[in-house]
Structure formats: C-alpha cells, structure tokens
Amino acid sequence: MSTTPTPASSTATGIVITRATLAELDLVAPLFDAYRVFYAQPSDPARARAFIGERLQHGQSVVLLARDHDGRAAGFTQLYPLYSSVRTLKLWILNDLYVDAQARRGGVASALLAAAADFARDDGAARLELETAHDNHAAQALYRARGWTTCDDSLRFQLALAPA
C-alpha cells in the first residue's frame, strides 16, 4: 500500500482533506454508517466502526477525510487498490464517497474527488474507477462535471458468494 501523503486541498472553501489514520476512526465511522444507510442498509454503528477500523489497521484501503473550516468531519472517500493483469497497470477503485447532509453543496464532494485523483496519480495509477447506482443522478452529474466518463469497454458481472 502506498504511503503517499495526501496534501490538504480546497483551502479556498475552507475544506481540508487528509488521509485518515486509525486515530480518526471515530470521525470516519459515523460517516461510513450514514453512507451505508444512504444505500438502504440498516444503521449499525458498531459494524461500520469495525469495518473501517479493519481497513485502516491493515492498510487495506485509503480513506480520505474532509473536514470543514471548524475541523468537523464533513465527508470521506474510500479507495481500494486494483491491478489489471491484461494492461499490467495499477488502478484504484473509488468505492465509497459520502458527504454529511449539513455539508452538502459546499464543494466537499468535488474536493474529495480531486484529492482521490491526486492520490491515485501520485501513486502511479493509470486510472481511478467508480460505480454508482443507476438512479443516483446527482452523483452522476457531479462525476461528469469533474471529468469522469462512463466505461463502455466491458460488461460487469457478479457472483454472490454470501448473503449481503
């Protein structure tokens, strides 16, 4: 896992983004729980804290944490590494992006997307990918406005191995 530092970003809006550590678990976990609720999962703060804690403790993901001008947690994004054998390239999956309801429309999501792109680029990745729900039109508009394009070169399949 890369140790590339994530620089503070979007200081013009007062948003500061840093790479979260285990010391910030209590800031990230409630945002992660709210993210899961947004995607129709029941609130489970203990489960959210355990999941994020494991990822941070074992270096299995990169969590970028956005704080507002008062230092409050305003949003986060979580990235997972991926490798393309055919293309022999490193990629990052932007798996989670969430902005607290009170911080929306303040540039937090755009700042998180920019910080994620900077991180992946600095880490030598060839591409950053994400997926979103078909009906999440607000997110789709944001991604397109930030230069993201849809992937038309593959068809995704899945095989359920355990109940969700």
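Helices (H or I, at least four residues) and strands (E, at least two) are DSSP runs, numbered from the N terminus. The views below show a predicted model, in which local features need pLDDT of at least 70, side-chain atom pairs count only at pLDDT 80 or more, and totals for chains, interfaces and linings use all residues. Residues are numbered from 1 along each chain as its sequence is written, and side-chain values use heavy atoms, with hydrogens and water left out.

**View 1. Thr88 in its loop.** Thr88 sits in the loop between β3 (73–84) and β4. Is Thr88 buried or exposed? Thr88 counts as exposed, because its relative accessibility is 67%. (Buried means under 20% relative accessible area, exposed over 50%, partly exposed in between, with a 1.4 Å probe and protein chains only.) Thr88 and Ala126 are 38 residues apart in sequence. In space, their C-alpha atoms are 9.7 Å apart.

**View 2. The two sides of helix α4.** Helix α4 covers residues 137–145. Its buried residues include Ala139, Gln140 and Tyr143. These residues lie on the same side of α4 because they cover an arc of only 100 degrees around the axis. (The arc is that of the directions from the helix axis to the C-beta atoms.) On the other side of α4, His137, Ala138 and Ala145 are exposed. What do the buried residues of α4 pack against? Their partners are β4 (89–99), α3 (108–122) and β5 (127–130). (Contact means heavy atoms within 4.5 Å.) Gly147 follows α4, and its phi is positive, near 95 degrees.

**View 3. The largest pocket.** This pocket has a volume of about 1200 Å³. (On a 1 Å grid over the protein atoms alone, a pocket is an open set of points with protein on both sides within 12 Å along at least five of seven lines; lining residues have an atom within 4 Å of a point. Grid points are joined across faces, edges and corners, and a volume is the space filled by probe spheres set on the points.) The largest pocket is lined by 32 residues. Leu130, Glu131, Thr149, Thr150 and Cys151 lie nearest its centre. Which element supplies the largest share of the lining of the largest pocket? That is α3, with 5 residues. By class, the lining of the largest pocket holds 16 nonpolar, 7 polar and 9 charged residues. (Ala, Val, Leu, Ile, Met, Phe, Trp, Tyr, Cys and Pro count as nonpolar, Asp, Glu, Lys and Arg as charged, and the others, Gly among them, as polar.)

**View 4. The second largest pocket.** About 890 Å³ of space lies here. The second largest pocket is lined by 24 residues, and Tyr35, Arg36, Gln41, Asn95 and Asp96 lie nearest its centre. β4 gives the most to this lining, with 4 residues. α1 (25–38), α2 (45–57) and β4 each supply at least two.

**View 5. Aromatic pairs.** The whole structure has 8 aromatic pairs. (Rings of Phe, Tyr and Trp, with its six-membered ring, pair if their centres lie within 6.5 Å; planes under 30 degrees apart count as stacked, over 60 as edge-to-face and the rest as tilted.) Phe32 and Phe76 form an edge-to-face pair, 6.1 Å centre to centre, with 70 degrees between the planes. Phe32 lies in helix α1 and Phe76 in strand β3, so the pair ties together parts that are 44 residues apart in sequence. Both Phe32 and Phe76 are buried. Trp92 and Phe119 are also edge-to-face, at 5.1 Å and 75 degrees. Trp92 is in strand β4 and Phe119 in helix α3, 27 residues apart.

Key. 1 Å grid on protein atoms, 1.4 Å probe; cavity = no way out; pocket = protein on both sides within 12 Å on 5 of 7 lines; lining within 4 Å.
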